[in-house]
Amino acid sequence: MKTVFVLLCVSFAQFLFGKTIEVCPTCPVSSIKQAIQMAHACDTIFIKKGTYTEGNILIDKELTLIGEDYPVLDGQNNTEIITITSDFVNIIGLQIQNVGTSYTQDRAGIRLKKVHHFHIKDNRLFNSFFGVYLENSSDGIVEGNMVKGKATNETSSGNAIHMWYCNNVLIINNYVSGHRDGIYFEFVDHSTITGNLSEDNLRYGLHFMFSNDDTYRRNTFRNNGAGVAVMYSRHIGMFQNIFERNWGAAAYGLLLKEIHDSEINGNTFRENTVGIFAETSNRMNCHGNEFTQNGWAIKISGGCQQSRVEGNNFFNNTFDLATQMAAADDSYNGNFWSDYNGYDLDHDGRGDVPHRPMKLFSYVVGKTPEAMVLLRSLFVDILNFSEKVSPVFTPENVVDKRPSMKPFPLKGARQFANRLPFTASIGGAVDEAK
Amino acid sequence: MLKILKYSFFDLIRSRWTYIYCAFYLILTFSLLALSNDLAKVVISLMNIVLLLCPLIATMFGVMYYYNAREFTELLLAQPVRRTSIFLGQFLGVAGSLSMSWLIGAGLPFVLYGVFGSAEAGNFLTLLFIGVVLSFIFSGLAFLIALKNENRIKGFGLAILAWLFFAVIYDGLLLLALLLLNSYPLERFALAASMFNPIDLSRILILLKLDVSALMGFTGAVFRKFLGTGFGMAVSLVVLAAWVLLPTLGIRRLAMRKDF
């Protein structure tokens, strides 16, 4: 809120004290660089429709750049386009395209260098190597941008929104696709990612490294190479997101690696090879999520302690849960399991017979992955059945003592499914850019 | 041979059991489609049933038909007809009528639900093809067993055992082998082992089609790499064809030698 307030003040200040410079191909001022040179701090530059090929544009004053009808800033595939080195800069409504791949420098469509109080809003970035690149920047907003690339392999592609050593940044309602990572966080603290749609990226839809106290909510991550990865971070909140169709031999809906004290609430995991994969992650709190038609809903590998998986819905997953061993303080109680077949004599809504979510075959596959060739074979069904009747191999304490008889009416992420204002027009805009 | 094939075929087509078998598949497929409406899911459910039922019914039907038609066979043997054509005709008649029941029973509902317009058409055709192949393989095995054993009880017992072996025991042994040889790279072994069991091979063919292969991780990748290529597909088709041919040749050989 503080950030928004400051920004509001800044933009009002510009209307009160700043002057306005218009740029268009036929105006007295026909180049953006020239306009920036003429401008003083707090001025506003209006850029009219047209194509501007001016190479790298450096913004070193407190300026607001506003595009009308998406003027095109074209880098002709060999340069970074906008570099911001001043605080209090707003970039609104530009179409930035063709940054071009470089193997020696991380070129970006818009780069912010050691600045604070910025607002990057409603821009379209097409075919940019890195889209919006924030380094050492804080207290700003990246909002409503469409960043669309056509990356084909990981080594020659950049991230759509890349953040490195940042603090207190809002990433809201952006559409990112066709890059290496959709949104990339490295050493970013106290930041929020809300309402974004990240799809068809080569690696991760969202990638967290060494970033603490961040929250992401109501985002959709769809069809990315390996889903969402959250690594080496603490106190991350993940609420009401949708993870879907992250499908492939090494794909996850959500990968947690050395994540401590995470809150995973109200998310929907649909049709992922693995819904949540957790590795050496302690105190994972997983409540009120919905797992539908995943290969594995939750896979917990070694070194995870005090995991709490409670009050979730599990529908038709090939395996609901896979874990090598459960620590004594893990809890898998009070979930709804679609393959639970116990009864509820006292009608308290909780099954009277404990449910063992881990099938024997799931255990066998954990030991010998090749045994997966026997998936859906009659023999395996018989094995699972006999193990269910009298458990011998599956870990003793992976058990739901009070499974719910009915699915929880989870509001889940459904109702927040993002309706980005411009997703419908993406196809046309991209064609234009090419 | 064609005459006998035709006779067996029409004899079976007139039989109550063929209708019941066909009706069973019709009802099953229709109710599955009505329940879920999602063609992909119905294909998966049907797969489980096909892998279990097609071989079982084919085995039982084959044995039963051979023993029941024994008197007629003896009558035919007295005529100037070649032995091989009698038995092969009967076998093909049984397998043909079973396949037809399956094709109509499972195919008709799907066609009515408009499978050919949807993305599932390929998977559906694979499923149908596999049902037919399994019917042929297991009725062939059944005929072979029945020819070998004069004793009906023994014949029935052996036929059921054969089915049980391929449907359940083989997988158990394979799993055991995989667990025991845990420390070796087993992908190729698993691939080779599944080739020797028509039910396993069919199951994996369908699973790979249904994109569940991602679940199989590296093993799945190996399988997909092999079966996804033209060569792999050709090999698995050849193996399935061999599974049809071997019992047929066996029947031929036994029929030539058998003393009635």
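Which residues have the most contacts inside the largest nonpolar core? The views below start there. This is a predicted model, where local features need pLDDT of at least 70, side-chain atom pairs count only at pLDDT 80 or more, and totals for chains, interfaces and linings use all residues. Residues are numbered from 1 along each chain as its sequence is written, while chains are lettered from A and ligands numbered from 1 in the order in which they are written.

**View 1. The largest nonpolar core.** The residues with the most contacts inside this 98-residue core are Val132(A), Ile161(A), Ile183(A), Val228(A), Val230(A) and Leu256(A). A nonpolar core here is a set of buried Ala, Val, Leu, Ile, Met, Phe, Trp, Tyr and Cys residues joined through C-beta atoms within 7 Å. Buried means that 20 or more other C-beta atoms lie within 10 Å of a residue's own; 12 or fewer makes it exposed, anything in between partly exposed, and the C-beta atoms are placed from the backbone. Strand β16 (residues 161-172) of chain A gives the core its largest share, 5 residues. A second, separate core has 82 residues, including Leu12(B) and Ile130(B).

**View 2. Ile161(A) and its strands.** Look past the neighbours within four places in sequence, and Ile161(A) is in contact with several residues, among them Val132(A), Val147(A), Ile183(A) and Tyr184(A). In contact means that the C-beta atoms, placed from the backbone, lie within 7 Å. β16(A) pairs with strand β18 (residues 183-189) of chain A in the parallel sense over 6 bridges, and Ile161(A) sits opposite Ile183(A) in β18(A). Next, β18(A) pairs with strand β21 (residues 206-209) of chain A, again in the parallel sense, over 4 bridges. There, Ile183(A) faces Leu206(A) in β21(A). Strands (E, at least two residues) and helices (H or I, at least four) are DSSP runs, numbered from the N terminus, and two strands pair if DSSP finds at least two bridges between them.

**View 3. Chain A as a whole.** Chain A has 5 helices and 37 strands. Its C-alpha trace spans about 85 × 40 × 35 Å along its principal axes. Of the 434 residues in chain A, 49% are buried.

**View 4. Helix α5 of chain B.** This helix (residues 83-112) has 30 residues, which at 1.5 Å a residue should span 44 Å; its end C-alpha atoms are 43 Å apart, so the two agree. The expected span is 1.5 Å times one less than the number of residues. Because 21 of its 30 residues are buried, α5(B) is largely enclosed by the rest of the structure. Just after α5(B) comes Gly114(B), with a positive phi of about 75°.

**View 5. Phe129(B) in α6.** Phe129(B) belongs to helix α6 (residues 121-148) of chain B. Why is Phe129(B) called partly exposed? Because Phe129(B) has 15 other C-beta atoms within 10 Å.

**View 6. Where the chains touch.** Chain B brings 27 residues to the contact and chain A brings 21 residues. On the chain B side, α7(B) supplies the largest share, 8 residues. That side divides into 17 nonpolar, 7 polar and 3 charged residues; Ala, Val, Leu, Ile, Met, Phe, Trp, Tyr, Cys and Pro count as nonpolar, Asp, Glu, Lys and Arg as charged, and the others, Gly among them, as polar. Among the elements of chain B, α7(B) also has the highest mean pLDDT (93) and α10(B) the lowest (69), pLDDT being the predictor's confidence in each residue, from 0 to 100.

Terms used
Contact = placed C-beta atoms within 7 Å.
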